[in-house]
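Thanks for coming. Please look at the sequence and the model as they come up, and then I will go through a few local features.

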Amino acid sequence: MENSERPIRVTVIQPSLAKYRVPVFRELANRPGIELQVVYGVNPGIPNVAADGFRAIPLPRWHRKIAGKLVMFQGAEWKYCSRRHSDVVVLRWSPRSLTQFPALLRARAEGVATVLWGHGYSKQERGWWRGMRHWLAERASAILFYEPRTRDAYVQEGWDPDTLFVALNSLDHTEIDKARHWWQEHPHELASFQREHGIDAGPVVLFVSRLQPANRVDLLIEATAQLSREIPGVKTVIIGNGPAEKTRLQAIAHQERIDDSLVFIDGVYDEMKLAPWFLSAKVLCYPANVGLSLIHALWYALPVVTSDNLDSQNPEVVALQHGVNGLMYKDESRESLVEALRTTLADPERQASMSQAARRSVEDTFTISRMVDGMEAAIRYAHSTLPASMNRAASRSPERKTKAVHPSYMRSNPWRV
């Protein structure tokens, strides 16, 4: 007998609709028994992309500074935390949102399950701020982290492990693989690209991200100055936007007298145009504050060098295995950074070994499918906490494409201890 129960109506509320999130939501929308809508903020200065494969609703979002602190107001949090619109709402976990607390109260009163999705910590943690974050979490049905380290810390603090889930922050590797394979199959074009940009005479160190002081690219430039005196033809390629920081970095390079050892390129967002830079490099160096650029590099089989100060990093740093797919240097130490880069560039066998490990380390773990497994587990658990009279068990909608259920969907929370 056909199961006539309705799918779970899931609303995911985001501050914006970023390009790298589109494959995530498309995958979630295709999961059996999930009826997804994404509500995203529209705010001048914050770019959004078009939805693809899921329903998306743009609504205004405001942010203001009050007493020197940035706060946000997103009316969608209140509107969609109601039975009229949702069974489960996934909210960005942020104490800065003035609408989040009343939205959580409304959800509880109306029988809507909630999932808070976020880091679970702040790089500059303060006791009162941490208390606000926990206060919000106590009113949610489930918590979804970007990585297991923070989730485990919450368990150690006494949080119920059954309510804590992990969705490893990942990138869609489809475009990466397509671009990577094209350039690998056209070695003459790649060699021509390298000659054109003057990166064919020695090893290349790559940095790709927005240029901002927190990323400590200045330290990379200082390290390049020393490496240029030791390794013939070494070049550091810096790709990213940020006019003020770029001017500052170029001044440092001029002061160090290494203008010829640096290549500055404005931000590149087309994967086919970005691929030859990754394929020409021996290592990605992201001195501090590393995030998804690390995952991006590993998919290109490129080892990564970054700081050992985990508190200054973003959740994606959990993908780095020191000595296996990259190296960590002593935070703030130019000498230590030079040594880490020297070790990678001057030892071809070790570089090749780390390169192979780099790709293997993301192939089975940092995928969109695996990320959505974690999201779906949190959503289904949150839905299961609703009273039986409100709980709408998931089933495949008649209009949805037939899709085999992945065995991991049926497992218990894989991040429980």
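This is a predicted model: local features need pLDDT of at least 70, side-chain atom pairs count only at pLDDT 80 or more; totals for chains, interfaces and linings use all residues.

Residues are numbered from 1 along each chain as its sequence is written, and side-chain values use heavy atoms, with hydrogens and water left out.

Start with helix α13, residues 348-363. Helices here are DSSP runs of H or I with at least four residues, and strands are runs of E with at least two, numbered from the N terminus. From first C-alpha to last, the 16 residues of α13 reach 23 Å, close to the 22 Å expected at 1.5 Å a residue; that expected span is 1.5 Å times one less than the number of residues.

Which residues of α13 are buried? They are Gln-351, Met-354, Ser-355, Ala-357, Ala-358, Arg-359, Ser-361 and Val-362. Buried means under 20% relative accessible area, exposed over 50%, and partly exposed in between, with a 1.4 Å probe and protein chains only. The buried residues of α13 pack against α6 (174-184), α11 (292-299), β15 (326-329) and α12 (334-346), contact being heavy atoms within 4.5 Å.

Next, Ile-66, in strand β4 (residues 62-66). Ile-66 counts as partly exposed because its relative accessibility is 49%.

Last, the loops. Arg-216 sits between β10 (204-208) and α8 (217-227), with a positive phi near 55°. Ala-301, in the loop between α11 and β14 (304-307), has a positive phi near 60°. Ala-301 counts as buried, because its relative accessibility is 11%.
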